[in-house]
Amino acid sequence: MISSRFTLALLTAGTLTLSACTEPGQLVAQPGDPNQKTKNGALIGAGAGALLGALTSSDGDRGDGALKGAVIGGALGAGAGYALDRQEADLRRQLDSDVTITNTGDRLIVSLPQNITFATDSTTVQPGIRDDLQALANNVQVYANSTLQIVGHTDSDGEAAYNQQLSEERAFVVSNILVANGVPQSRLQAIGRGESQPVATNLTPEGKAQNRRVDIVILPNAA
């Protein structure tokens with residue numbers, strides 16, 4: 001039989017987690033609340049911790065396990081969210097205004113648009129973006145407890161196979177520049193997505209421009 005404390009812990013953690021994910025602006029800081037990501041991290045961590053604590057409880061009392069897990073998970077999640085908030089703020093001060101930074105609450109996504117990164121059909125990084133890549137490399141060395149996915153994207157013009165290869169080559173070029181600026185290769189993964197993950201329509205020049213990008217996804221490591 002499931003104990004009342006176990007049921008209460010799971011219901012509480014589940015409610016908190018769902019509230020973090022279903023309020024307007026999912027996992028996006030609300031205006032005027034610079035700590036929203038920290039709160040989101042705490043809520044999600046509490047939910048995950050409660051479930052894990054219940055499932056791994058060794059003394060037979062799932063209620064106690066869930067409650068302990070919620071406390072620990074919430075603390076860890078809040079810490080991770082706070083670190084992402086600080087890293088995001090630093091990146092916004094350090095990078096060009098054309099670079100887009102998205103904080104989802106569990107990762108940062110730094111998007112480099114093609115118009116400042118590569119010329120059309122080129123895998124040679126333009127001089128103007130090199131300072132931003134150096135600043136990014138410096139930042140992720142300060143916030144060292146993370147791995148980075150370097151993901152190349154294209155629009156749908158041309159053959160899909162060509163776009164896939166181009167996206168892979170661009171991802172490797174950006175990855176190599178980060179390594180040259182001190183980021184350990186072991187923290188990096190270069191990936192090409194070609195035209196398969198557009199963020200806008202490919203039916204307009206403006207949409208195609210948004211789809212031609214390199215995303216640098218910063219993923220905090222588990223504590």
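**A tour of a pocket, a cavity and a core**

The second largest pocket has a volume of about 180 Å³. The model on display is a predicted one.

**Stop 1: the pocket.** Select Asp 98, Thr 100, Ser 111, Leu 112, Pro 113, Gln 114, Asn 115, Val 199, Ala 209, Gln 210, Arg 212 and Arg 213, which line this second largest pocket. The largest share, 3 residues, belongs to β2. Sorted by class, the pocket lining contains 4 nonpolar, 5 polar and 3 charged residues.

**Stop 2: the cavity.** The elements α4 (114-117), β3 (146-153) and β5 (213-220) each contribute at least two residues to the cavity lining. Its classes are 3 nonpolar, 4 polar and 2 charged residues.

**Stop 3: the core.** Which residues have the most contacts inside the largest nonpolar core? They are Val 110, Ile 150 and Ile 216, in a core of 28 residues. At least two residues of this core come from each of α3 (62-94), β2 (108-113), α5 (127-142), β3, α6 (160-180) and β5. The largest share, 6 residues, is supplied by α5.

Finally, centre the view on Ile 216. Beyond its neighbours within four places in sequence, Ile 216 is in contact with residues including Val 110, Leu 133, Leu 136, Ile 150 and Val 174.

Conventions: Residues are numbered from 1 along each chain as its sequence is written. This is a predicted model: local features need pLDDT of at least 70, side-chain atom pairs count only at pLDDT 80 or more; totals for chains, interfaces and linings use all residues. Side-chain values use heavy atoms; hydrogens and water are left out. Helices (H or I, at least four residues) and strands (E, at least two) are DSSP runs, numbered from the N terminus. Ala, Val, Leu, Ile, Met, Phe, Trp, Tyr, Cys and Pro count as nonpolar, Asp, Glu, Lys and Arg as charged, and the others, Gly among them, as polar. A nonpolar core is a set of buried Ala, Val, Leu, Ile, Met, Phe, Trp, Tyr and Cys residues joined through side-chain atoms within 4.5 Å. Buried means under 20% relative accessible area, exposed over 50%, partly exposed in between (1.4 Å probe, protein chains only). Contact means heavy atoms within 4.5 Å. On a 1 Å grid over the protein atoms alone, a cavity is a set of points where a 1.4 Å probe fits but cannot get out, and a pocket is an open set with protein on both sides within 12 Å along at least five of seven lines; lining residues have an atom within 4 Å of a point. Grid points are joined across faces, edges and corners, and a volume is the space filled by probe spheres set on the points.
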